[in-house]
Amino acid sequence: MKSQETVDTAQFATHGFQLFPNLLTRSYMLQVKNALGEIRQGIYNRSRPPMRRVPEPPTSEGMWRVDQPHLCSEAFHDLATNPLLASIAGRLMNSSVVQVWYVHAMHKPPRNDASKVGWHQDGQYVDFFSGNFVTAWLALSDVTPSSGP
């Protein structure tokens, strides 16, 4: 993990997003990716199951989602409470306090029409929030132009 990351608050304020390529190490993200595979199989290493898996059970071919994976997975709990991510979120919001409100993980197969989600900002999906908040998208696999829109 990197100890410091440049946060361009002006760019974030103007465009509503900021990219941090390779912010977390490949091995760290591989642990999280492997944990997602375990969650798909119903294997949990924390005291609670996730809030929900959609569909139930998740398929191996199509798109699926798990809500609140940090409840059932140490790897997702560590990711959701990662100090570097919290620091970046705090700087983007100009806040000394950061609270994780919601975590979900999605499996979206490449080049699958059912899993296409175009460029968007998450604010339209969280209309119950007001004030400063940020969302983070963390890829668990390589994202290249050939990954599709």
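The points below go through the fold, the sheet, the salt bridges and a few surface features of this predicted model.

1. Overall make-up. The protein chain contains four helices and three strands, and from the N terminus on these elements run α-α-β-β-α-α-β. Buried residues account for 29% of the 149 residues in the chain. Among contacts between residues at least 6 apart in sequence, 66% join residues at least 24 apart. The chain exposes about 10,200 Å², of which carbon and sulfur atoms supply 53%.

2. The sheet. The three strands form an open sheet in the order E1-E2-E3, with antiparallel pairing; strand E1 (52-54) and E3 are the edge strands, each of them pairing on one side only. From one strand to the next the twist averages 10 degrees. Between E1 and strand E2 (residues 64-67), which run antiparallel, there are three bridges, and Arg-52 stands opposite Asp-67 in E2.

3. The helix on the sheet. Helix H2 (residues 26-40) packs on the sheet and touches E1, E2 and E3, while its direction makes about 95 degrees with that of E2.

4. The salt-bridge network. A search of the whole structure finds five salt bridges, and a network of them links Arg-52, Arg-65 and Asp-67.

5. Elsewhere, Arg-46 forms a salt bridge with Glu-74, the closest N and O atoms being 3.3 Å apart. Because Arg-46 lies in the loop between H2 and E1 and Glu-74 in helix H3, this pair ties together parts that are 28 residues apart in sequence. Both partners are partly exposed, Arg-46 with a relative accessible area of 30% and Glu-74 at 34% relative accessibility.

6. Gln-68 and its surroundings. Gln-68 lies in the loop between E2 and helix H3 (74-80), and it counts as buried because its relative accessibility is 11%. Leaving aside neighbours within four places in sequence, Gln-68 is in contact with Pro-50, Met-51, Trp-101, Tyr-102, Val-103 and His-104.

7. Tyr-102 is found in the loop between helix H4 (83-93) and strand E3 (104-107), and with a relative accessible area of 39% it is partly exposed.

8. The loop at Pro-21. Pro-21 is found in the loop between helix H1 (9-15) and H2, and it is exposed, with a relative accessible area of 56%. The C-alpha atoms of Pro-21 and Leu-138 are separated by 9.7 Å, although the two residues are 117 residues apart along the chain.

How values were computed:
Residues numbered from 1 in each chain as written. Predicted model: local features only at pLDDT ≥ 70, side-chain atom pairs only at ≥ 80, totals over all residues. Heavy atoms only, no water. Helix = DSSP H or I, 4+ residues; strand = E, 2+ residues; numbered from the N terminus. Buried < 20%, exposed > 50% of the residue type's maximum accessible area, 1.4 Å probe, protein only. Pairing = 2+ DSSP bridges. Axes fitted to C-alpha atoms, helices over the stretch in contact; angles between N-to-C directions. Contact = heavy atoms within 4.5 Å. Areas by Shrake-Rupley, 256 points an atom, 1.4 Å probe, with all protein chains shown as cover. Salt bridge = Lys/Arg side-chain N within 4 Å of Asp/Glu carboxyl O.
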